[in-house]
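Let's read some side-chain features together. Keep the structure open as we go.

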Amino acid sequence: MHSEHREPLIRISKRQGMPFWRALGIRLIAVALALVVAAVVIFAIVHMNPIRVYLSMISGNFGTKKRIWYMLRDTAVLACIAIGLAPAFKMRFWNIGAEGQMLVGGIATAFFMINFAGKMPTPLLFVCMLLSALAFGAIWGWIPGFFKAKLNANETLFTLMLNYIAIQLTAYCVSKWENPFGSNTVGTINSQTKIGWIGNMFSKGNNGDFGWTVVIVLALAVLMYCYLSYTKHGYEIAVVGDSRNTARYAGIRVNRIYMRTMALSGAICGFAGFLAVSAVSRTISTSTAGGRGFTAIIVAWLAKMNPFIMILISALLTFLDKGAVQIATDYGLNEYASQIVTGIMLFFILGSEFFINYQLRFRGKHEKAEKGGAAA
(Lines give C-alpha, C1' and ligand atoms only; values in the text may rest on other atoms or scores of the structure.)
Protein backbone atom coordinates (compact mmCIF):
# COMPACT_ATOMS: atom_id res chain seq x y z
CA MET A 1 0.00 0.00 0.00
CA HIS A 2 1.47 3.27 -1.14
CA SER A 3 1.37 6.16 1.31
CA GLU A 4 2.12 9.67 0.17
CA HIS A 5 4.79 11.47 2.14
CA ARG A 6 3.58 14.78 3.45
CA GLU A 7 5.52 17.62 4.94
CA PRO A 8 4.89 18.41 8.63
CA LEU A 9 2.37 21.15 9.28
CA ILE A 10 5.06 23.32 10.88
CA ARG A 11 8.80 23.18 10.31
CA ILE A 12 11.36 24.95 12.49
CA SER A 13 14.56 26.06 10.81
CA LYS A 14 17.47 28.07 12.09
CA ARG A 15 17.87 31.56 10.68
CA GLN A 16 21.11 32.42 8.96
CA GLY A 17 20.98 35.89 10.42
CA MET A 18 18.69 38.80 11.22
CA PRO A 19 19.23 42.56 10.94
CA PHE A 20 19.78 44.25 14.28
CA TRP A 21 16.76 46.54 14.00
CA ARG A 22 14.44 43.65 13.15
CA ALA A 23 15.70 41.67 16.16
CA LEU A 24 15.20 44.76 18.32
CA GLY A 25 11.66 45.09 17.00
CA ILE A 26 10.86 41.50 17.97
CA ARG A 27 12.17 42.12 21.49
CA LEU A 28 10.10 45.30 21.83
CA ILE A 29 6.99 43.45 20.65
CA ALA A 30 7.72 40.79 23.28
CA VAL A 31 7.93 43.44 26.00
CA ALA A 32 4.67 45.00 24.82
CA LEU A 33 2.90 41.63 24.85
CA ALA A 34 4.33 40.92 28.29
CA LEU A 35 2.89 44.19 29.60
CA VAL A 36 -0.54 43.31 28.19
CA VAL A 37 -0.53 39.76 29.59
CA ALA A 38 0.78 40.95 32.96
CA ALA A 39 -1.98 43.59 33.06
CA VAL A 40 -4.63 40.90 32.52
CA VAL A 41 -3.10 38.70 35.22
CA ILE A 42 -2.85 41.60 37.68
CA PHE A 43 -6.49 42.52 37.18
CA ALA A 44 -7.65 38.89 37.35
CA ILE A 45 -5.76 38.00 40.53
CA VAL A 46 -5.70 41.14 42.67
CA HIS A 47 -8.31 43.32 40.88
CA MET A 48 -5.99 46.32 40.64
CA ASN A 49 -5.57 48.91 37.95
CA PRO A 50 -2.55 47.65 35.92
CA ILE A 51 -1.51 51.20 35.02
CA ARG A 52 -1.23 52.11 38.70
CA VAL A 53 0.81 48.96 39.28
CA TYR A 54 3.20 49.87 36.47
CA LEU A 55 3.52 53.40 37.81
CA SER A 56 4.39 51.86 41.17
CA MET A 57 7.18 49.89 39.49
CA ILE A 58 8.55 53.08 37.97
CA SER A 59 8.36 54.81 41.34
CA GLY A 60 10.26 51.95 42.95
CA ASN A 61 13.19 52.66 40.63
CA PHE A 62 13.04 56.37 39.94
CA GLY A 63 10.76 57.81 42.64
CA THR A 64 13.59 59.41 44.63
CA LYS A 65 17.25 60.23 44.11
CA LYS A 66 18.19 57.44 46.52
CA ARG A 67 16.15 54.90 44.58
CA ILE A 68 17.83 55.93 41.34
CA TRP A 69 21.27 55.42 42.84
CA TYR A 70 20.28 52.04 44.29
CA MET A 71 18.96 50.98 40.90
CA LEU A 72 22.21 52.06 39.20
CA ARG A 73 24.26 50.36 41.91
CA ASP A 74 22.52 47.00 41.56
CA THR A 75 22.64 47.26 37.76
CA ALA A 76 26.39 47.84 37.91
CA VAL A 77 27.08 44.86 40.17
CA LEU A 78 24.92 42.52 38.08
CA ALA A 79 26.54 43.77 34.86
CA CYS A 80 30.00 43.27 36.38
CA ILE A 81 29.26 39.59 37.04
CA ALA A 82 27.81 39.13 33.55
CA ILE A 83 30.90 40.75 32.03
CA GLY A 84 32.99 38.25 33.99
CA LEU A 85 31.00 35.37 32.49
CA ALA A 86 31.35 36.70 28.93
CA PRO A 87 34.82 35.29 28.04
CA ALA A 88 33.99 31.86 29.49
CA PHE A 89 30.63 31.64 27.74
CA LYS A 90 32.08 32.83 24.44
CA MET A 91 34.51 29.92 24.74
CA ARG A 92 31.46 27.68 25.41
CA PHE A 93 32.79 26.94 28.87
CA TRP A 94 29.63 27.02 30.99
CA ASN A 95 30.80 28.81 34.12
CA ILE A 96 27.94 28.42 36.60
CA GLY A 97 30.23 29.34 39.49
CA ALA A 98 29.99 33.13 39.50
CA GLU A 99 28.26 33.03 42.88
CA GLY A 100 31.21 31.26 44.48
CA GLN A 101 33.82 33.36 42.69
CA MET A 102 32.08 36.51 43.87
CA LEU A 103 31.89 35.22 47.45
CA VAL A 104 35.60 34.34 47.69
CA GLY A 105 36.43 37.77 46.30
CA GLY A 106 34.21 39.28 48.98
CA ILE A 107 35.88 37.17 51.68
CA ALA A 108 39.32 38.39 50.63
CA THR A 109 38.12 42.00 50.65
CA ALA A 110 36.50 41.68 54.07
CA PHE A 111 39.62 39.98 55.49
CA PHE A 112 41.79 43.01 54.77
CA MET A 113 39.12 45.49 55.85
CA ILE A 114 38.69 43.75 59.21
CA ASN A 115 42.29 42.85 60.03
CA PHE A 116 44.36 45.64 58.49
CA ALA A 117 42.24 48.80 58.78
CA GLY A 118 44.39 51.42 60.51
CA LYS A 119 47.47 49.19 60.36
CA MET A 120 48.56 50.29 56.89
CA PRO A 121 48.02 53.36 54.71
CA THR A 122 44.54 53.45 53.19
CA PRO A 123 45.77 53.45 49.55
CA LEU A 124 47.85 50.34 50.27
CA LEU A 125 44.86 48.75 51.98
CA PHE A 126 42.72 49.29 48.88
CA VAL A 127 45.45 47.77 46.70
CA CYS A 128 45.60 44.69 48.94
CA MET A 129 41.79 44.39 48.99
CA LEU A 130 41.58 44.64 45.21
CA LEU A 131 44.46 42.31 44.37
CA SER A 132 43.36 39.68 46.88
CA ALA A 133 39.78 39.73 45.52
CA LEU A 134 41.08 39.34 41.97
CA ALA A 135 43.49 36.57 43.00
CA PHE A 136 40.96 34.54 45.01
CA GLY A 137 38.35 34.85 42.26
CA ALA A 138 40.93 33.87 39.63
CA ILE A 139 41.96 30.79 41.60
CA TRP A 140 38.33 29.77 42.12
CA GLY A 141 37.79 30.07 38.36
CA TRP A 142 41.11 28.47 37.37
CA ILE A 143 40.39 25.25 39.33
CA PRO A 144 37.52 24.03 37.07
CA GLY A 145 39.47 25.26 34.03
CA PHE A 146 42.40 23.07 35.06
CA PHE A 147 40.27 19.98 35.60
CA LYS A 148 38.46 20.57 32.30
CA ALA A 149 41.77 20.84 30.49
CA LYS A 150 43.47 17.87 32.14
CA LEU A 151 40.61 15.46 32.89
CA ASN A 152 37.78 16.78 30.69
CA ALA A 153 35.66 17.28 33.82
CA ASN A 154 32.12 18.56 33.38
CA GLU A 155 32.49 22.29 33.96
CA THR A 156 28.81 22.87 34.70
CA LEU A 157 28.73 20.49 37.67
CA PHE A 158 32.24 21.43 38.79
CA THR A 159 31.59 25.16 38.96
CA LEU A 160 28.17 24.60 40.53
CA MET A 161 29.64 22.48 43.33
CA LEU A 162 32.31 25.10 44.00
CA ASN A 163 29.48 27.52 44.76
CA TYR A 164 28.44 25.43 47.75
CA ILE A 165 32.01 25.18 48.98
CA ALA A 166 32.30 28.98 48.77
CA ILE A 167 29.03 29.39 50.69
CA GLN A 168 30.28 27.16 53.50
CA LEU A 169 33.63 28.97 53.51
CA THR A 170 31.77 32.27 53.83
CA ALA A 171 29.67 30.91 56.70
CA TYR A 172 32.87 29.85 58.49
CA CYS A 173 34.42 33.31 58.05
CA VAL A 174 31.23 34.97 59.31
CA SER A 175 31.39 32.83 62.45
CA LYS A 176 34.98 33.97 63.03
CA TRP A 177 34.36 37.66 62.32
CA GLU A 178 30.90 38.05 63.85
CA ASN A 179 30.28 41.43 65.42
CA PRO A 180 28.85 41.68 67.99
CA PHE A 181 29.83 38.26 69.29
CA GLY A 182 27.00 35.74 69.10
CA SER A 183 25.06 37.64 66.43
CA ASN A 184 26.15 35.30 63.61
CA THR A 185 26.65 38.37 61.41
CA VAL A 186 29.69 40.46 60.63
CA GLY A 187 27.75 43.71 60.80
CA THR A 188 28.91 46.83 58.99
CA ILE A 189 32.68 46.63 58.69
CA ASN A 190 34.55 49.70 60.02
CA SER A 191 31.28 51.56 60.58
CA GLN A 192 33.01 54.21 62.69
CA THR A 193 36.20 54.83 60.70
CA LYS A 194 34.81 53.89 57.24
CA ILE A 195 38.28 52.65 56.30
CA GLY A 196 38.14 50.49 53.18
CA TRP A 197 34.87 51.99 52.00
CA ILE A 198 34.60 53.23 48.43
CA GLY A 199 33.06 56.66 48.94
CA ASN A 200 30.81 58.82 46.81
CA MET A 201 31.60 60.59 43.60
CA PHE A 202 29.04 63.40 43.67
CA SER A 203 28.19 63.93 47.33
CA LYS A 204 29.70 64.03 50.79
CA GLY A 205 29.44 61.24 53.31
CA ASN A 206 29.20 57.55 52.48
CA ASN A 207 25.51 57.00 51.81
CA GLY A 208 24.78 59.42 48.98
CA ASP A 209 25.67 57.88 45.64
CA PHE A 210 27.47 54.98 44.00
CA GLY A 211 29.04 56.92 41.15
CA TRP A 212 32.43 55.22 41.38
CA THR A 213 30.85 51.78 41.17
CA VAL A 214 28.93 52.75 38.03
CA VAL A 215 31.95 54.37 36.36
CA ILE A 216 34.22 51.42 37.16
CA VAL A 217 31.78 48.92 35.63
CA LEU A 218 31.31 51.08 32.53
CA ALA A 219 35.09 51.17 32.08
CA LEU A 220 35.22 47.40 32.61
CA ALA A 221 32.60 46.91 29.87
CA VAL A 222 34.71 48.91 27.42
CA LEU A 223 37.85 46.95 28.31
CA MET A 224 36.10 43.59 27.97
CA TYR A 225 34.61 44.57 24.60
CA CYS A 226 38.05 45.54 23.31
CA TYR A 227 39.59 42.38 24.78
CA LEU A 228 37.11 40.05 23.10
CA SER A 229 36.94 41.93 19.81
CA TYR A 230 40.43 43.22 19.09
CA THR A 231 43.03 41.11 20.91
CA LYS A 232 44.75 37.83 20.13
CA HIS A 233 43.35 36.31 23.31
CA GLY A 234 39.82 37.29 22.28
CA TYR A 235 40.35 35.71 18.85
CA GLU A 236 41.60 32.49 20.45
CA ILE A 237 38.57 32.39 22.76
CA ALA A 238 36.24 32.75 19.75
CA VAL A 239 38.01 30.00 17.79
CA VAL A 240 37.92 27.59 20.74
CA GLY A 241 34.22 28.38 21.21
CA ASP A 242 33.47 27.63 17.55
CA SER A 243 35.44 24.38 17.39
CA ARG A 244 38.10 22.91 19.63
CA ASN A 245 39.37 20.73 16.79
CA THR A 246 39.73 23.74 14.51
CA ALA A 247 41.56 25.57 17.26
CA ARG A 248 44.00 22.69 17.72
CA TYR A 249 44.53 22.48 13.97
CA ALA A 250 45.34 26.20 13.95
CA GLY A 251 48.00 25.65 16.61
CA ILE A 252 46.03 27.12 19.51
CA ARG A 253 46.79 25.46 22.83
CA VAL A 254 43.22 24.78 23.91
CA ASN A 255 44.05 23.61 27.43
CA ARG A 256 45.98 26.79 28.13
CA ILE A 257 43.06 28.87 26.81
CA TYR A 258 40.67 27.05 29.15
CA MET A 259 42.75 27.78 32.24
CA ARG A 260 43.67 31.35 31.29
CA THR A 261 40.13 32.35 30.35
CA MET A 262 38.56 30.81 33.44
CA ALA A 263 41.11 32.58 35.63
CA LEU A 264 40.09 35.86 33.95
CA SER A 265 36.39 35.08 34.34
CA GLY A 266 36.83 34.22 38.01
CA ALA A 267 38.94 37.32 38.65
CA ILE A 268 36.23 39.65 37.32
CA CYS A 269 33.56 37.87 39.38
CA GLY A 270 35.90 38.20 42.37
CA PHE A 271 36.12 41.91 41.54
CA ALA A 272 32.32 42.03 41.74
CA GLY A 273 32.71 40.64 45.27
CA PHE A 274 35.16 43.43 46.03
CA LEU A 275 32.58 46.00 44.91
CA ALA A 276 29.78 44.29 46.84
CA VAL A 277 31.73 44.41 50.11
CA SER A 278 33.64 47.67 49.79
CA ALA A 279 31.17 49.84 47.89
CA VAL A 280 27.69 48.36 48.36
CA SER A 281 26.95 46.46 51.58
CA ARG A 282 30.20 46.99 53.55
CA THR A 283 29.73 43.55 55.08
CA ILE A 284 30.08 39.90 54.13
CA SER A 285 27.53 37.10 54.45
CA THR A 286 26.34 34.02 52.59
CA SER A 287 23.77 36.26 50.85
CA THR A 288 26.33 38.77 49.56
CA ALA A 289 26.00 37.33 46.05
CA GLY A 290 22.22 37.12 46.49
CA GLY A 291 21.61 34.89 43.47
CA ARG A 292 23.08 37.47 41.10
CA GLY A 293 25.60 34.94 39.83
CA PHE A 294 22.74 32.93 38.34
CA THR A 295 20.83 35.97 37.11
CA ALA A 296 24.00 37.08 35.32
CA ILE A 297 23.84 33.89 33.25
CA ILE A 298 20.55 35.10 31.76
CA VAL A 299 22.08 38.54 31.19
CA ALA A 300 25.14 37.16 29.38
CA TRP A 301 23.05 34.83 27.23
CA LEU A 302 20.52 37.46 26.19
CA ALA A 303 23.31 39.94 25.41
CA LYS A 304 25.14 37.41 23.19
CA MET A 305 28.33 38.18 25.18
CA ASN A 306 28.23 41.89 24.24
CA PRO A 307 29.26 43.85 27.38
CA PHE A 308 27.32 46.98 26.39
CA ILE A 309 24.09 45.06 25.84
CA MET A 310 24.71 43.36 29.20
CA ILE A 311 24.43 46.73 30.92
CA LEU A 312 21.04 47.38 29.31
CA ILE A 313 19.68 43.93 30.17
CA SER A 314 21.03 44.22 33.72
CA ALA A 315 19.17 47.52 34.03
CA LEU A 316 15.95 45.88 32.80
CA LEU A 317 16.19 42.95 35.24
CA THR A 318 17.07 45.29 38.11
CA PHE A 319 14.10 47.48 37.19
CA LEU A 320 11.79 44.47 37.29
CA ASP A 321 13.19 43.23 40.59
CA LYS A 322 12.91 46.56 42.39
CA GLY A 323 9.54 47.21 40.78
CA ALA A 324 8.23 43.93 42.20
CA VAL A 325 9.39 44.95 45.68
CA GLN A 326 7.66 48.32 45.34
CA ILE A 327 4.41 46.69 44.21
CA ALA A 328 4.48 44.45 47.27
CA THR A 329 5.08 47.47 49.51
CA ASP A 330 2.45 49.74 47.98
CA TYR A 331 -0.36 47.18 47.73
CA GLY A 332 0.41 44.83 50.60
CA LEU A 333 1.08 41.85 48.35
CA ASN A 334 3.39 39.03 49.26
CA GLU A 335 6.69 38.64 47.46
CA TYR A 336 5.49 35.84 45.19
CA ALA A 337 2.45 37.67 43.91
CA SER A 338 4.48 40.75 43.02
CA GLN A 339 7.08 38.64 41.22
CA ILE A 340 4.46 37.25 38.85
CA VAL A 341 4.95 40.38 36.74
CA THR A 342 8.70 39.79 36.64
CA GLY A 343 8.19 36.16 35.66
CA ILE A 344 5.85 37.08 32.80
CA MET A 345 8.30 39.68 31.52
CA LEU A 346 11.19 37.23 31.55
CA PHE A 347 9.10 34.55 29.87
CA PHE A 348 8.28 36.79 26.92
CA ILE A 349 11.79 38.26 26.65
CA LEU A 350 13.41 34.83 26.67
CA GLY A 351 10.77 33.52 24.29
CA SER A 352 11.50 36.31 21.81
CA GLU A 353 14.99 34.89 21.38
CA PHE A 354 13.46 31.79 19.80
CA PHE A 355 11.87 33.84 17.02
CA ILE A 356 15.11 35.76 16.51
CA ASN A 357 17.17 32.58 16.08
CA TYR A 358 14.58 30.34 14.41
CA GLN A 359 11.74 30.69 11.93
CA LEU A 360 8.47 28.78 11.59
CA ARG A 361 7.63 27.50 8.11
CA PHE A 362 4.09 26.28 7.50
CA ARG A 363 3.27 23.46 5.11
CA GLY A 364 1.33 25.44 2.51
CA LYS A 365 3.86 28.25 2.19
CA HIS A 366 6.76 25.81 2.14
CA GLU A 367 5.23 23.72 -0.65
CA LYS A 368 4.40 26.80 -2.73
CA ALA A 369 7.98 28.03 -2.35
CA GLU A 370 9.32 24.66 -3.53
CA LYS A 371 6.91 24.52 -6.52
CA GLY A 372 7.85 28.04 -7.49
CA GLY A 373 11.54 27.13 -7.36
CA ALA A 374 10.96 23.99 -9.45
CA ALA A 375 8.99 25.90 -12.08
CA ALA A 376 11.74 28.47 -12.38
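The dialogue below covers ring pairs, charges over rings and a surface patch in this predicted model.

Q: How many aromatic pairs does a search of the whole structure find?

A: Rings pair when their centres lie within 6.5 Å. The search here finds 18 aromatic pairs.

Q: Take Phe-146 and Phe-147. Which kind of pair do their rings make, stacked or edge-to-face?

A: Look at the angle between planes: over 60 degrees counts as edge-to-face. For Phe-146 and Phe-147 the planes stand at 90°, so this pair is edge-to-face. The ring centres are 5.5 Å apart.

Q: How exposed are Phe-146 and Phe-147?

A: Partly exposed covers the range between under 20% (buried) and over 50% (exposed). Phe-146 has 27% relative accessibility, so it counts as partly exposed. Phe-147 is partly exposed too, at 30%.

Q: Which residues do ring pairs link into a cluster?

A: Pairs can chain together. Here, Phe-111, Phe-112, Phe-116 and Trp-177 are linked this way.

Q: Over which ring faces does Arg-73 lie?

A: For a charge over a ring, check the distance to the ring centre; the limit is 6 Å. Arg-73 lies over the face of Tyr-70, at 4.3 Å from the ring centre. Arg-73 also lies over the face of Phe-210, at 5.1 Å.

Q: What forms the nonpolar patch on the surface?

A: Its residues include Leu-9, Ile-12, Phe-354 and Tyr-358, and the patch has about 720 Å² of accessible area together. Strand S1, helix H13 and strand S2 each supply at least two residues. S2 gives the most, with 3 residues.

Q: Is Ile-12 buried or exposed?

A: Ile-12 is found in strand S1. Its relative accessibility is 54%, so Ile-12 counts as exposed.

Key: Residues numbered from 1 in each chain as written. Predicted model: local features only at pLDDT ≥ 70, side-chain atom pairs only at ≥ 80, totals over all residues. Heavy atoms only, no water. Phe/Tyr/Trp six-rings, centres within 6.5 Å; stacked < 30°, edge-to-face > 60°. Buried < 20%, exposed > 50% of the residue type's maximum accessible area, 1.4 Å probe, protein only. Lys NZ or Arg CZ within 6 Å of the ring centre and 35° of its normal. Patch = residues over 30% accessible without salt bridge, like charges linked within 9 Å, V, L, I, M, F, W, Y side chains within 5 Å. Areas by Shrake-Rupley, 256 points an atom, 1.4 Å probe, with all protein chains shown as cover. Salt bridge = Lys/Arg side-chain N within 4 Å of Asp/Glu carboxyl O. Helix = DSSP H or I, 4+ residues; strand = E, 2+ residues; numbered from the N terminus.
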